[in-house]
Amino acid sequence: MKDKTKLKYSHKENLTGFLFVLPALLPLVVFWIVPVLFSGALSFTSWDMMSPTIEFVGIDNFTSLLREKNFHKVLWNTLVFAVGSTIPTILLGMLIALAMNSARRGVGLYRTVIFAPYITPMVAVSVVWSWIFEPRVGILNFVLELFGLPGSEWTKSTDTAMLSVLIVTVWKGIGWTMIFYMEAIRKVPQSLLESAVIDGANGFQKFIKITVPLISPTTFFLVIMSTISSLQAYDQIQVLTQGGPAGATRTLLYYYYLEGFRNFNTGKASAVAIVLVVITVVLSAVETLASKKLVHYN
């Protein structure tokens, strides 16, 4: 009798817990799980969103992607953008956080100024930077010429277009990583740093041997989030370069937009989306496995 009562109570408790999480679960199912499943199904079809019929084509969309030279370039651009935006954002955020924690005056002001770009919409930031990068009247070339340096076409050149987009992305993201690192560095035990000084360690040795290992969980979190964010980049590319010139800044997400909403090839666009999801999952898994050896958990 007691076992039945416990079982009944357990079912009631589970139902109560499920009802509490249902308001958060429903949007996840409706706006994430269902679209992903629908996109996965569309990736095996040919449909232009206009025709009343959907043609099943099997894996043709995926095989055609693999045969396209443009798609290989898109994959390379995506990798370059992910690495080129993630690593500088994290390193610069860490260095600025160290400087902030060492500063005695004006920390609040500096922190606000550096963090402000992160909370500014990417479209607005990109529009301002497009003026800065303007080859003829932009302030960046003007400043370079003042120092006797040659200007550049920036977003209009295949050599510097990706660099231009990366500059905007890193500039906007530094404040976000800085905030996390400032808190993580504050939590490093002062007793360990003082002991290292007594043992004769200099500032660089303290940073490498003590600070870096102890803030590694924060670094791991930021690497994962920054990588995912870089794979989802679209706004700055659309405003600054529109994927050009000559496809130099065309990433997977932008390629998905072109196929789905310009060419109305939803099957191929869905295949690109699935590839992007797989890459995101694989990179996250690799970073998680690497964290088991590189991250120092307290």
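**W154 and its setting**

W154 is buried, at 10% relative accessible area. The model is a predicted one. W154 sits in the loop between α6 (139-146) and α7 (161-186). Its backbone stands out: phi is positive, about 50 degrees, although W154 is not a glycine. Most residues other than glycine have a negative phi.

Now the rings. The count comes to 15 aromatic pairs. One of them joins F44 and F62, with centres 5.7 Å apart and planes at 50 degrees, a tilted pair. F44 lies in the loop between α1 (2-42) and β1 (45-46), F62 lies in helix α2, and 18 residues separate them. F44 is partly exposed, with a relative accessible area of 33%.

F133 comes from the loop between α5 (122-132) and α6. W154 is in the loop between α6 and α7, so the pair ties together parts that are 21 residues apart in sequence. F133 is buried, with a relative accessible area of 1%. Elsewhere, ring pairs link F115, Y118, W176, F180 and F221 into a cluster.

Q242 also has a positive phi, about 55 degrees, and is not a glycine. Q242 lies in the loop between α11 and α12. A cis peptide bond joins G244 to P245, with omega about -10 degrees. Most peptide bonds are trans.

Next comes helix α12, residues 252-261. Its buried residues are L252, Y254, Y255, L258, E259 and G260. Among the elements covering them are α2 (60-67), α3 (69-102), α11 (235-240) and α13 (266-294).

α3 leads on to the pocket. The largest pocket holds about 610 Å³ of space. It is lined by 27 residues, and T86, I87, I90, V223 and E287 are the closest to its centre. α3, α9 (203-214), α10 (216-231) and α13 each give two or more residues to that lining. α3 gives the largest share, 11 residues. By type, the lining has 20 nonpolar residues, six polar and one charged.

Technical notes
Residues numbered from 1 in each chain as written. Predicted model: local features only at pLDDT ≥ 70, side-chain atom pairs only at ≥ 80, totals over all residues. Heavy atoms only, no water. Buried < 20%, exposed > 50% of the residue type's maximum accessible area, 1.4 Å probe, protein only. Helix = DSSP H or I, 4+ residues; strand = E, 2+ residues; numbered from the N terminus. Contact = heavy atoms within 4.5 Å. 1 Å grid on protein atoms, 1.4 Å probe; cavity = no way out; pocket = protein on both sides within 12 Å on 5 of 7 lines; lining within 4 Å. Points joined across faces, edges and corners; volume = space filled by probe spheres on them. Nonpolar A, V, L, I, M, F, W, Y, C, P; charged D, E, K, R; others polar. Phe/Tyr/Trp six-rings, centres within 6.5 Å; stacked < 30°, edge-to-face > 60°.
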